[in-house]
Amino acid sequence: MDLDSEDENVMEEDYYSFLNIPKEASKEEINNAYRRLSRIYHPDKHVDPELKEKAEIMFNKTKKAYEVLSDPHRRAIYDSLGTKGLETEGWEIVQRTKTPAEIRAEYEQLAEERAERLKKQATNPTGNVTIAVNATDLFNPYYDEFLDEEYESDFLTQFPNIEVSSMQFSQSVDFPLTQKDSCTLSGQLQTQNGTGGGGINLSWRHIFSHKSWAEMEMTAGSGPALSFKGFRTLTRRFFWNGGTILQFTPEGIRPGVMSTLAMQVDKHSVGYLSYQGGVRSAFTTQIIRDTEKNRYNFSIQVGLPHSFVLLQYTRKILSQELKLRIAIKAGTFGGVIEYGAEKKISKHSNLAFAVVCGVPSGVKLKIRLTRASQTYSFPIHLCEEIMPAPVFYATIVPLVIYVVVKKGFVEPFLREERNKKVEKQKQNNYNKLLEKRREAMAAQDLMHATYNRIRDDESNKKGLVIIKAIYGRIIRARTFFSTLSNTLFITPTNRGDSQQADSEMTNEVVDVTIPVQCLVKDSKLEIHVQNKSELPGFFDPALGEEKMLHIIYNYHDQPHEVTVGETEPLRLPKTSHRTNIT
C-alpha cells in the first residue's frame, strides 16, 4: 500500500485474497472457493445463536466476494478501480454486450484521461540550479615567484583558493489554457566571473492530435528572438520534429534552423538524424538502445565549432534502483572519459555523481541532485591536468560522503517519515482494523469444527498437520519459540472479551494455526494471494510493516518448518521444509 497517497490510506477489501484464489482464477476456481467457505460460514451449519450471528457476517462477506468475481462485468470494474469503482453510481447501466477485457480497457482509459486532466489543471513548475566550483588550487596550487618571503609565509596563503566560478538558474511554469492549448513561462539567469545575463521566454503550444503539435516561443533578455517548433508522426516507425529561430541583433536578424528525423528500429532501439544550422552548424546521427537492464548510446557529430564521436553505456541494477554509467567522447576539442553512478535515494529524489577525465579540460567531479521536478547540479573543477590524486579523491570522497549522509541523516529521516505515515494510516483505519480483528476472531470460532475434522483426518493418515502458524512482523527461525511464548495470540481459547481484544491492537503477530489448517485439502495446502492479511481468520497485526507467515507442520510424522513473505505464494508440503526439530 502506498503510504504517500491520502486516498490509498483507506483499506479496501481484497476479494481474491479472501477466497484464496489468484487474480486470473477461472469461474470454476471461484465456484470451488465459494463452496468451500460456504460449508464453514453458512448460518444453517451452526446452532449456537452467537455463532450463528457471526456466521451471517462472514457468509455475507463470502457471498459479496463471490457475486463480484463471478460476474465478468463487475469483476472487470473491480480489477480496474477496486471497491470504490463498484460503489460509484451509474456502473449498473454499463453495456452488458462488452467483454470484460473491453470494459477493463475502457475504465483504464477513463482513469488515464482523468489523471491527465488533473495534471493539466495544475501548473508544472520545473527548475534547474547549476553552481560551478573551481577547486583546481587543491591539486595545482598557484605560486607567484614575485611574492616576497614575508607574504609567502603568511598563514592564510597556506589554504587553497576555492571559488564559485559560475552560476546558472532557470525556472519554468506551465499554464494550461484548454485541453489542447498550454503556455509556458520560463526564465534563466547566469553569471560567470562577475559578469552575467539572463532572459525570459514565453511559449504557446497547440496539440492538433496525438500525432502532431506546434509551438511558438518569444524570448527577451540577451536579445529578442522568435522561434517556431513542431512535431509530427509520419508513419508507425518514423516521426519528425524541428523548427526555426529568428534572433534579432544590432547586426541584423540571425536565422537558425533545427530538424530531427527519428526511426523506431526495433522494440528497444531508436535512430536519430539531426541537423542544426545557423551561427553554429552541426550534423548528428545517433542510435539509442534502451532495454530493461542496459542502455547504449552511440553518436557522431560533424560540424562547427566541434566534431566528435560519443559512446555511452548504462547498466541498470533494478533491485538496488542504481544506474552505473561510463562514456567515452573524442573529437576536435580533445578526449574525455566519464564514469559515474545514479542512485534513487527516496521516492522522489535521485542522486548522481560522475568523474570526468579529459584533455585539455583536466579532472572534474559532477554532482547532481534531482528532487521531483527540481535539479541541482554542482560541477567541480579539481585539476587542469590528469593526475592520480584528483581522480582517486573524486571517486572515493563522494562514496564516503554518500554513505555517511545516508546512514547518519537520510535513513533516520526517512524512517521517521515512514513511521509518521504508518501511524497516520493506523489512525485513518483504526475502526477498520478493529472490524478486521473481530472478523478474524469470528472466522476462527466458526472454523473450529472444520479445523478439528481436518486435523483428525490428516493425523489418522499421517498427512499434513499444522502444529503452529504465526503471521505478522518478521519472525526469525531462531527466535520463533521465544516470540511464541512471550506474545498474546488471538486464538479461540486465548483472547478474552472484545474490550481486551481492542486493547491488544499493538500486538505485531497473530496465531493463524486454525485458518491455515482449514486450508489443507488432501494433505496439500496452497496460498495464492498477494495479501495474506485478507485470508479468512487473518488480519493485519502490524499495519505498514513487512510481515511474514511462519509455519511448523508435520507430514508423514516428519517435522517441517517454513517462513514466507507477504506476497510469496506457498505450497505445502515440500521436502526442503524438513527439519531435525522433534
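Tutor: We begin with burial: a residue counts as buried when its relative accessible area is under 20%. Note that this is a predicted model.

Student: Which residues of H9 are buried?

Tutor: They are Leu433, Leu434, Lys436, Arg437, Glu439, Ala440, Met441, Ala442, Ala443, Gln444, Asp445 and Leu446. Because 12 of its 17 residues are buried, H9 is largely enclosed by the rest of the structure. The helix reaches 24 Å from its first C-alpha to its last, close to the 24 Å expected at 1.5 Å a residue.

Student: How should I read a nonpolar core?

Tutor: In soluble globular proteins, nonpolar side chains tend to be buried together. Here the largest nonpolar core has 25 residues, and Leu19, Ile21, Tyr41, Leu69 and Met447 have the most contacts inside it. Two or more residues come from each of helices H1 (15-19), H2 (27-41), H3 (49-70), H9 (430-446) and H13 (513-518). Another core, of 24 residues, lies apart from it and includes Ala469, Tyr471, Ile527 and Leu570.

Student: What is Met447 in contact with, leaving aside neighbours within four places in sequence?

Tutor: Met447 is in contact with Ile40, Tyr41, Ile514, Pro515, Cys518, Pro536 and Gly537.

Student: At what angle do the axes of H2 and H3 cross?

Tutor: Angles over 145 degrees count as roughly antiparallel. The axes of H2 and H3 cross at roughly 175° and come within 10 Å, which makes H2 roughly antiparallel to H3. Among the residues making the contact are Ile30, Tyr34 and Tyr41 of H2 and Phe59, Tyr66 and Leu69 of H3. By class, this contact has 9 nonpolar, 4 polar and 2 charged residues.

Note on methods: Residues are numbered from 1 along each chain as its sequence is written. This is a predicted model: local features need pLDDT of at least 70, side-chain atom pairs count only at pLDDT 80 or more; totals for chains, interfaces and linings use all residues. Side-chain values use heavy atoms; hydrogens and water are left out. A nonpolar core is a set of buried Ala, Val, Leu, Ile, Met, Phe, Trp, Tyr and Cys residues joined through side-chain atoms within 4.5 Å. Buried means under 20% relative accessible area, exposed over 50%, partly exposed in between (1.4 Å probe, protein chains only). Helices (H or I, at least four residues) and strands (E, at least two) are DSSP runs, numbered from the N terminus. Contact means heavy atoms within 4.5 Å. The expected span of a helix is 1.5 Å times one less than its number of residues. Axes are lines fitted to C-alpha atoms, for helices over the stretch in contact, and angles run from 0 to 180 degrees between N-to-C directions. Angles under 35 degrees count as roughly parallel, over 145 as roughly antiparallel, 65 to 115 as roughly perpendicular and the rest as oblique. Ala, Val, Leu, Ile, Met, Phe, Trp, Tyr, Cys and Pro count as nonpolar, Asp, Glu, Lys and Arg as charged, and the others, Gly among them, as polar.
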